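Here is a short report for a reader meeting this protein for the first time. Please look over the sequence and the model before reading on.

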Amino acid sequence: MSFLNNFGLGSKRKQANKTKSSSSSSSTTSLHSKPLFLCYPYVTHMLVKGNFKTIIELPKYVDANEWLAFNTFEFFNLINLFYGSITDFCSSQTCPCMSAGPGVEYTWSDAQSKKIKLPAPQYIDYMATSIQNMLHDESIFPTKAGREFPREFPTIIKRIFGQLFRLFAHIYHHHYDKILSLNQEPHFNSLFAHFISFAREFNLLDKKEIQPLQELVDIMIRNGVLS
């Protein structure tokens with residue numbers, strides 16, 4: 001399984017081809033320059049005003065695991081959509097490792113728990129396949145009446161959120177210029193704010209995991225986007 005299904009955004013890829021930076025995979029021009037996603041006005045571009053508090057809270061009479069499952073499925077599909085729109089620019093040549101800015105490189109753990117370095121597109125494909133398999137596994141994400149969520153379900157959700165965050169971080173640090181060229185930044189920023197709001201509400205991401213995008217999170221907190 002791969003993130004190539006872009007849900008209709010493929011027609012916009014040609015626009016990104018016209019950008020001067022199309023040969024570069026990074027939206028951070030140097031170690032000392034501020035990343036584009038932290039620059040004004042892009043960092044303030046959002047679809048809605050206010051924060052996501054009212055739509056992330058557990059609704060009354062809804063099982064907590066059902067709420068976690070539903071939102072995890074939605075976030076997976078939505079980040080899939082955004083990566084699909086810029087996937088032509090994420091290759092083994094432009095992104096030889098799965099990174100999130102200077103000094104942040106992610107490794108994949110194989111079946112023997114051995115950590116291996118992979119080009120970003122291969123890492124993302126492995127990640128997508130792993131998450132897709134879990135979402136379709138009735139023993140983990142039950143959809144039929146009478147079946148229970150596994151006891152370790154919250155831990156599984158945390159692992160999935162950790163992986164999805166890595167994809168957000170990779171796109172922000174290395175492909176945000178493509179997001180801008182497609183005029184997607186209000187949508188992408190809003191999705192990230194929603195994702196982080198939900199993760200904060202249910203304690204799904206550790207502080208160390210958020211570090212590559214901590215400055216963006218801090219700005220969103222100051223702007224009242226995150227509560």
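Predicted model: local features only at pLDDT ≥ 70, side-chain atom pairs only at ≥ 80, totals over all residues.

**Overall layout**

The protein chain has nine helices and four strands. From the N terminus on, the order is α-α-α-β-β-β-β-α-α-α-α-α-α. The chain has 227 residues, and 46% of them are buried. Take the contacts between residues at least 6 apart in sequence: 75% of these join residues at least 24 apart.

**The annotated site**

An unreviewed UniProt entry places the feature "binding site" at C90, C95, H170 and H175. These positions span 86 residues in sequence, yet no two of their C-alpha atoms are more than 10.0 Å apart, so they gather at one spot. Where does C95 lie? C95 is in the loop between α3 (64-86) and β1 (98-99). Its relative accessible area is 2%, so C95 is buried. H175 sits in the loop between α5 (153-174) and α6 (176-181). H175 is buried too, at 0% relative accessibility.

**Helix α7**

Helix α7 covers residues 185-201. At 1.5 Å a residue, its 17 residues should span 24 Å. The end C-alpha atoms are 24 Å apart, which agrees. Is α7 mostly covered or mostly uncovered? It is mostly covered, with 14 of its 17 residues buried. Just after α7, N203 takes a positive phi of about 55°.

**Salt bridges**

Side chains of opposite charge can pair when their charged atoms come close. The count here comes to five salt bridges. Among them are the pairs in this table.

| E105 | K117 | 3.9 Å |

The E105 and K117 pair links distant parts of the chain, twelve residues apart. E105 is in strand β2 (residues 105-106), while K117 is in the loop between β4 (115-116) and α4 (120-135). E105 is partly exposed, with a relative accessible area of 39%. K117 counts as exposed at 63%.

What about the other two pairs? E138 is partly exposed at 21% relative accessibility. R147 is partly exposed as well, at 45%. K178 counts as buried at 0%, and D177 counts as buried at 9%.

Terms used: Residues numbered from 1 in each chain as written. Heavy atoms only, no water. Helix = DSSP H or I, 4+ residues; strand = E, 2+ residues; numbered from the N terminus. Buried < 20%, exposed > 50% of the residue type's maximum accessible area, 1.4 Å probe, protein only. Contact = heavy atoms within 4.5 Å. UniProt positions renumbered as here; feature names shortened; annotations may be inferred. Expected span 1.5 Å × (residues − 1). Salt bridge = Lys/Arg side-chain N within 4 Å of Asp/Glu carboxyl O.
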